[in-house]
Amino acid sequence: MSDRRLRVAILVLSLLGAGIAAYLTAAHFADAPLLCATGGCETVQRSRYAELAGVPVAALGLAGYVAIAATAAARAELWRAAGFVFALGGLAFAGYLVWVQVGVLDAICQWCLSSDAILVLLVPATLLRLRETR
Amino acid sequence: MSRKTLVAVSAVAALALGGGLAAALALTSGGTSTPAATVTGAGRLTTLLDGIEQHGTVLGSPSAPVTLVEFADPQCPYCAEWEARALPDVVTRYVRTGKVQLRFSGMTFVGADSETAFRTALAAGEQGRFWNVLTLLFANQGTENTGWVTDALLRSIGDSVPGLDTQKMLDARNSAAVDRGLSAAATLAQTAGIDSTPTFAVGKTGGTLQVVRLTSFDASGITPALDAALSQ
């Protein structure tokens, strides 16, 4: 796949992820109810696991997606490596958060799962871009 | 650096980043101070109770015309069955609509776990979350007197209740106010002559309550009594 296509794919996916994370961050600060089909979003969003040292986990996700989008704009190898590090690091953290939802809170947040799905796609896209393109 | 090495180094850095974030969150959320226990029903019960007034052990509007008192032991399996099968309907149709206020009167005759559980729920009541913790205790009930009401379970239950300060709840379990709540419930059960659980009493709020013999553990076992009291 050409670098241009990969960059577009990474940009679109990371902006989608940023949109979800921005919505969750805004709802966190506004203490507003979430649109939620799974019924567990509020439980997850208001749990002790929703903040890390006072920073909403959703805001960390937003920062991560913005960073990945920024790496898509750059061509240098170091930036491509950074995109992969953020995507795989995000997915590893997201894996822990899925365990928290299922194993500790018994509540599923559909927005978090949508974000996880985006990360699952971003990891191979950023890896391909790092390995295949020059 | 070769491409392969760069990919390997990036992967290690990524896993360190993700793992570091997970470890930091586990530490700051108290998740590693005691092993986390799995809590069943948190999402469902949060939704069931969300937005309904709670004052101590009372669920629902204080001005509801009818009062339903539930005498139950957190360790009694039949009480857990009633909570699972009947409570959602009773709450949705009678409590949420402002017709009935539901008061829990705890009994602790089964054993030590009963008192630990009821004390914790009473402590959560100081934060307006008595029913959240009580219903989660029933939903996660273990075998009688096996020590199933562990701090790890209580911490996980507390953590899954929106807006509840878990540490504050755990610290308040032996407070004078909780002692008073425990003895008030014991006195009420003794005065009413309650000797088995679950037992229910229904009547006009502020009036004399009548003990109801349950015909079923689903909502239909109690709703005729509630409808009769409402139509009085």
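This is a predicted model: local features need pLDDT of at least 70, side-chain atom pairs count only at pLDDT 80 or more; totals for chains, interfaces and linings use all residues.
User: Hello! How does B:N145 count by relative accessibility: buried, partly exposed or exposed?

Analyst: Welcome! Buried means under 20% relative accessible area, exposed means over 50%, and partly exposed lies in between (1.4 Å probe, protein chains only). B:N145 has 43% relative accessibility, so it counts as partly exposed. Residues are numbered from 1 along each chain as its sequence is written, chains are lettered from A and ligands numbered from 1 in the order in which they are written, and side-chain values use heavy atoms, with hydrogens and water left out.

User: Where is B:N145, and what is its phi?

Analyst: B:N145 sits in the loop between α6 and α7 (151-159) of chain B. Helices (H or I, at least four residues) and strands (E, at least two) are DSSP runs, numbered from the N terminus. Phi of B:N145 is near 55°, a positive value in a residue other than glycine. With a relative accessible area of 67%, A:A53 is exposed.

User: Is B:S29 buried or exposed, and what is it in contact with?

Analyst: B:S29 is buried, at a relative accessible area of 1%. Its place is in the loop between α1 (3-28) and α2 (42-49) of chain B. Contact means heavy atoms within 4.5 Å. Leaving aside neighbours within four places in sequence, B:S29 is in contact with A:R48, A:Y49 and B:D159. B:S29 and B:D159 are 130 residues apart along the chain, yet their C-alpha atoms are separated by 8.6 Å.

User: How do I read a sheet, and in what order do the strands of chain B come?

Analyst: Strands of a sheet pair through backbone hydrogen bonds, either parallel or antiparallel. Two strands count as paired if DSSP finds at least two bridges between them. In chain B, six strands form an open sheet with mixed pairing, in the order β1-β2-β4-β3-β5-β6. At its edges stand β1 (54-55) and β6 (210-212), each with a single partner strand, so one side of each has no neighbour in the sheet.

User: Which strands pair with β4(B)?

Analyst: Strand β2 (residues 58-59) of chain B is joined to β4(B) by two bridges and runs antiparallel to it; here B:V58 has B:R103 as its bridge partner. Strand β3 (residues 66-72) of chain B pairs with β4(B) in the parallel sense over seven bridges, and B:T67 stands opposite B:Q101. Six of the seven residues of β4 (residues 100-106) of chain B are buried, so this strand is largely enclosed by the rest of the structure.

User: How do I describe two packed helices, and at what angle do α5 and α6 of chain B pack?

Analyst: Two packed helices are described by the angle between their axes and the distance between the axes. Axes are lines fitted to C-alpha atoms, for helices over the stretch in contact, and angles run from 0 to 180 degrees between N-to-C directions. Helix α5 (residues 112-125) and helix α6 (residues 130-139) of chain B pack at about 155°, with their axes 7 Å apart. That makes α5(B) roughly antiparallel to α6(B) (angles under 35 degrees count as roughly parallel, over 145 as roughly antiparallel, 65 to 115 as roughly perpendicular and the rest as oblique). Among the residues that meet are B:F118 and B:L122 in α5(B), and B:V133 and B:L137 in α6(B).
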